[in-house]
Amino acid sequence: MPIIAPSLLASNFLNLQAECKMLNESVADWYHLDIMDGRFVPNISFGPMLVEFFRKATTKVCDVHLMIEDPGNYAEAFKKAGADILSVHIEACPHLHRNIQQIKNLGMQAGVAINPHTPVEALKDILGDIDLVCMMSVNPGFGGQSFIPHTLNKIKQLREMIDERALHVKIEIDGGVTLENAKTILDAGADVLVAGNTVFKAADPKAMIAALKNL
Ligand code: DX5
Ligand code: ZN
């Protein structure tokens, strides 16, 4: 069964308590929390303060996706806020290995996020050190965009790279995941489905989460 990680970016911020209650009662596995700085991506979302509230609202895994420059300056703050998994973008990290070591030393699982144009080969020398690849299937910065079909090839390639070396790295697909394309994404080799609009704009979000989980 896939891991389902609803992205709170698409939730109703005026009603977060109800949104968290819905998620907690659902079969969702992770809270996917999108952090944007207005520099690495052209949008600003929220920071550690809100992650801390989510941490208090749930016992589910808090999966924090940093779309920010200089993520090393903030890793400790997100650990303190309660992140279980912290992902940094390869495109924002000239010293990626150092960032990954820092995240692990802080006691979190470490993820590397890659943009749609970044080849999976770029992960080769870090793959043995990480727990998760957050593969962007849209250009990061906004929810509600369409899935980029080429991502399917990238998932297959990465699946092979991981299986060849018998690693336990999870492949997370982030952006434009729908009930219609999710099965194809899983068949290509993904382990984790992030879903923002598909979940939170559904008539019955809990049923949508269950539908994704049972694909
Ligand atoms: C985009 C974020 C995604 C986003 C996904 O930059 O990383 O997590 O919230 O939203 P949907 O599922 O609506 O494409
Ligand atoms: Zn994300």
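Q: Which residues in α2 do Leu16, Cys20 and Asn24 in α1 meet?
A: This is a predicted model, in which local features need pLDDT of at least 70 and side-chain atom pairs pLDDT 80 or more, while totals for chains, interfaces and linings use all residues. Residues are numbered from 1 along each chain as written, chains are lettered from A and ligands numbered from 1 in written order, and side-chain values use heavy atoms, without hydrogens and water. On the α1 side, the contact (heavy atoms within 4.5 Å) is made by Leu16, Cys20 and Asn24. Their partners in α2 are Leu50, Phe54 and Ala57.

Q: How many nonpolar residues does the contact of α1 with α2 have?
A: Ala, Val, Leu, Ile, Met, Phe, Trp, Tyr, Cys and Pro count as nonpolar, Asp, Glu, Lys and Arg as charged, the others, including Gly, as polar. No charged residue takes part in the contact of α1 with α2, and one is polar. The nonpolar residues number five.

Q: At what angle do α1 and α8 pack?
A: Met22, Leu23 and Glu25 in α1 meet Pro205, Lys206 and Ile209 in α8. By class, this contact of α1 with α8 has four nonpolar, no polar and two charged residues. The axes of α1 and α8 (residues 205-213) are 9 Å apart, and the angle is about 35°.

Q: What volume does the largest pocket have?
A: Among the 25 lining residues, Gly143, Gly144, Asp174, Gly175 and Gly176 are the closest to the centre of the largest pocket. β2, β3, β8 and α7 each supply at least two residues of that lining. By class, the lining has 11 nonpolar, 12 polar and two charged residues. The volume of the largest pocket is about 270 Å³.

Definitions and conventions:
Helix = DSSP H or I, 4+ residues; strand = E, 2+ residues; numbered from the N terminus. 1 Å grid on protein atoms, 1.4 Å probe; cavity = no way out; pocket = protein on both sides within 12 Å on 5 of 7 lines; lining within 4 Å. Points joined across faces, edges and corners; volume = space filled by probe spheres on them. Axes fitted to C-alpha atoms, helices over the stretch in contact; angles between N-to-C directions.
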